[in-house]
Amino acid sequence: MVRTLVAILILMSSLHGLAQKFVAKANKTTVGVGERFQISYDLEGGDGKRFVQPTFNGFRLLSGPNTSSNMQWVNGQFSSSQSYSFILLAEKEGEFLIDDATIEVKGQKLSSGPLNIKVIQGRTTNQPQQHPQHAQQAQQSATPDDLSSNLFMKLFLDKKEAYVGEQIIATYKLYINAQVINYANNRPVFNGFYAQDVEIDPNTNMTSEVINGRQFRVATMKKVVLTPQTTGDIEVPPLEMEMAVRVQDQPKGRSIFDQFFGSYRNVKVEVNSNAEKVKIKPLPRNEQPGDFGGAVGKYSLNVKTDRTEVNVNEAVNLTVTIEGKGNIELIAVPEIEFPQDFETYEPKVKQNISINGSGTSGKKTFEYVVIPRYAGDFELEPITMSYFDPQSGKYKRLDSEPVKLHVNRTANSNSSNDVAYMAPKKEDVQILGKDIRFIKQETSELKQHEDSFFGTTGFYALSTLPVAGMGLAVLLISGIRRRDSDLTLVKSRKARSMAKKRLAHATKLINGNDKEFYEEIFKALYGYLSDKFSIPVSELNKETIDEHLKGRGIAESLATELRKALDECEMARFAPGVVRGKPDMLEASASIIEKLEDEA
């Protein structure tokens, strides 16, 4: 017993000592102008919080902080470490002092100490480009300390200055020189922008790039079309990702079999891209046309009718098409002055928009139905539209040709009544003539008006109304009691609402403990299946669930999606591993429940 206590005290004192070591490291202290290098801040032992990075004056921050953590037992000795790393670019020659970074461990603030970096003209000696086989060996032997130089992410913008409504393309690229096992990303919130995601597949959209003599695989992880809504300096946020990277253990303390065959482990790494600021300028006010509706981009206008000659009271289709590249969704219905002799309807709006790597493009169509009520020759004024062209920085106007229409008088029309018919619009139609009563020519029998209501049909109808209401209420109450007496049916009916409550509670835990969050998701899915399919909790397992799903005719793709979600919840609760991020898991679980409601 005494020996055990002594061992515990020694272990605690050693862990406390490790927690006090917080150091700054640089892979190069002398770099060339335009050269990238890595700085890492390593905490050995303990659990650090509130990490504060230095300002990096004189350098451009390309990536970071990229965090990694490691815990292991080797020959009965426990060790843990945390690392915060950055990729920097030297921009000008000189000697620079990078300030301390700080972190808190058990309420105590630790400082890393400053770093001196010398930037010289030209580049330092680069490493030769690696052969693919050697690159693979470098990936396998990567350690948590140098993962940030083998795995980082960058944000690229196609422009740093734009007008309100002008589209900006944001691209997040991941540079990989390590063996990535799995990953999950958090969706950035683009405050001040209207964001539209471009569909990409990071697994197939893979290229290669050589940086400082090292070859990287480059994957486009996210591409977004951003339309600024306000003016000023707006920040495009970083993309944050959690990854599982396979690294090779160091030879120290390994068995002869591990030394011969190699021993590997998975390390959890957080990779963050850089953020970028863009300057958003307001649209010019002094030259803005009166009919400007907010369209920004490059557009064309086309107006046509299905025919130019019709008879009175026949419909004509007028189509206005606006096509181009820009914020097409914001284009409003064009104002058209129709003759008062035309009956018009609200236009039917159609849009065909595509979002790709170059921005948003497509067309918006307005289809009008017009009915002339009077014969003659009519000419509609040219239809116009104004928009702002960001390339030229000026407003531009589009004008159509005048629309001419010849309306023929039909044989059924009365020539003596050839006066202009003041047709209202469809939404303005009202019922008229209620105040006119025509002379009634036929004779009818006059009856003496009686004031007594007793004995009339209305009297008897109102007398029986309370009795009928009471009878109906009794039937409704009996039906509700019979329905609620079946507990199985009640549970099945309320399964969806109970699952939503658990998912709502999981939403509150999204920024908290991982285990509690995934446990609540697990309870929501299992509880829903138990209530919906009337499966006792004691019999609830994957085989029973599969059997009930097949019995209800649930699609195999949905059953696979459900099994995957349950497996990931169990992995996150009981075993180390990397699963989908919390927002993705929450959204997937809600989608599974909704699909089961539709198919079950």
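How do strands β29 and β30 pair, and over how many bridges? In this predicted model, they run antiparallel and share six bridges. Strand β29 covers residues 384-389, and strand β30 covers residues 394-399.

**The hairpin**

β29 and β30 form a hairpin with four residues between the strands. G393 takes a positive phi near 70° there. Look across from Y387: K396 in β30 stands opposite.

**The sheet**

Three strands build an open sheet in the order β23-β31-β28. Its pairing is mixed. β23 (309-311) and β28 (376-380) are the edge strands, so named because each pairs on one side only. On average, neighbouring strands of this sheet are turned by 25° against each other, direction ignored.

Within this sheet, β23 pairs with strand β31, residues 403-408. That pairing is parallel and has three bridges. E309 has H406 in β31 as its bridge partner. In a regular strand, side chains alternate between the two faces of the sheet.

The two pairings compare as follows.

| Strands | Sense | Bridges |
|---|---|---|
| β29 and β30 | antiparallel | six bridges |
| β23 and β31 | parallel | three bridges |

**Confidence**

How far can the model be trusted? The mean pLDDT of the protein is 76. Of its residues, 74% reach 70 or more. Where pLDDT is low, the predicted coordinates should not be read in detail.

Key
Residues are numbered from 1 along each chain as its sequence is written. This is a predicted model: local features need pLDDT of at least 70, side-chain atom pairs count only at pLDDT 80 or more; totals for chains, interfaces and linings use all residues. Side-chain values use heavy atoms; hydrogens and water are left out. pLDDT is the predictor's confidence in each residue, from 0 to 100. Two strands pair if DSSP finds at least two bridges between them. Helices (H or I, at least four residues) and strands (E, at least two) are DSSP runs, numbered from the N terminus. Axes are lines fitted to C-alpha atoms, for helices over the stretch in contact, and angles run from 0 to 180 degrees between N-to-C directions.
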